[in-house]
Amino acid sequence: MPSMVRHSLQTMLSVGYYRNIYSPPDSSTSFIQDYSRDGRLLQTLQLGTGRRVLYKYTKQARLSEILYDTTQVTLTYEESSGVIKTIHLMHDGFICTIRYRQTGLL
């Protein structure tokens with residue numbers, strides 16, 4: 001960096017996934033992101049705080065679920081077109097669902 005501050009980025013290859021580790025300057029916290037071999041984000045970890053975000057996918061490699069803290073976000077898709085049909089969020093008893101409707105041609 002121009003300010004001579006050191007950032008650290010490492011990539012490690014493992015069986016079935018690869019891991020990127022980013023360590024910002026002057027911080028005891030590192031960020032880890034795991035990716036599948038085909039490039040899908042599997043999880044994000046923030047070391048030092050213990051926060052973690054998990055990502056799940058359908059067999060068609062579409063994002064189907066995100067889990068973080070006490071929050072769950074679920075996505076469903078139209079089978080024929082593959083566009084998002086619903087997004088369902090649950091957090092500490094709060095539930096919110098957004099439904100999408102396709103109008104016109106794709």
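Reply: Start with aspartate 69. Aspartate 69 has 51% relative accessibility, so it counts as exposed. The cut-offs are: buried, under 20% relative accessible area; exposed, over 50%; partly exposed, in between (1.4 Å probe, protein chains only). This is a predicted model, in which local features need pLDDT of at least 70 and side-chain atom pairs count only at pLDDT 80 or more, while totals for chains, interfaces and linings use all residues. Residues are numbered from 1 along each chain as its sequence is written, and side-chain values use heavy atoms, leaving out hydrogens and water.

The partner of aspartate 69 is arginine 51, in a salt bridge with the closest N and O atoms 2.2 Å apart. Aspartate 69 sits in the loop between strand 6 (63-68) and strand 7 (71-77), and arginine 51 in strand 5 (residues 51-57), so the pair ties together parts 18 residues apart in sequence. Strands (E, at least two residues) are DSSP runs, numbered from the N terminus. Arginine 51 is partly exposed, at 43% relative accessibility.

A salt bridge here means a side-chain nitrogen of Lys or Arg within 4 Å of a carboxyl oxygen of Asp or Glu. By this rule there are four. Among them is aspartate 34 with arginine 19, closest N and O atoms 2.6 Å apart. Aspartate 34 belongs to strand 3 (residues 31-36) and arginine 19 to strand 2 (residues 17-23), so this pair ties together parts 15 residues apart in sequence. Both aspartate 34 and arginine 19 are buried.

Another one joins lysine 56 and glutamate 65, at 3.9 Å, N to O. Lysine 56 is partly exposed, at 40% relative accessible area. Glutamate 65 is buried, at 16% relative accessibility.

Definitions and conventions: Helices (H or I, at least four residues) and strands (E, at least two) are DSSP runs, numbered from the N terminus.
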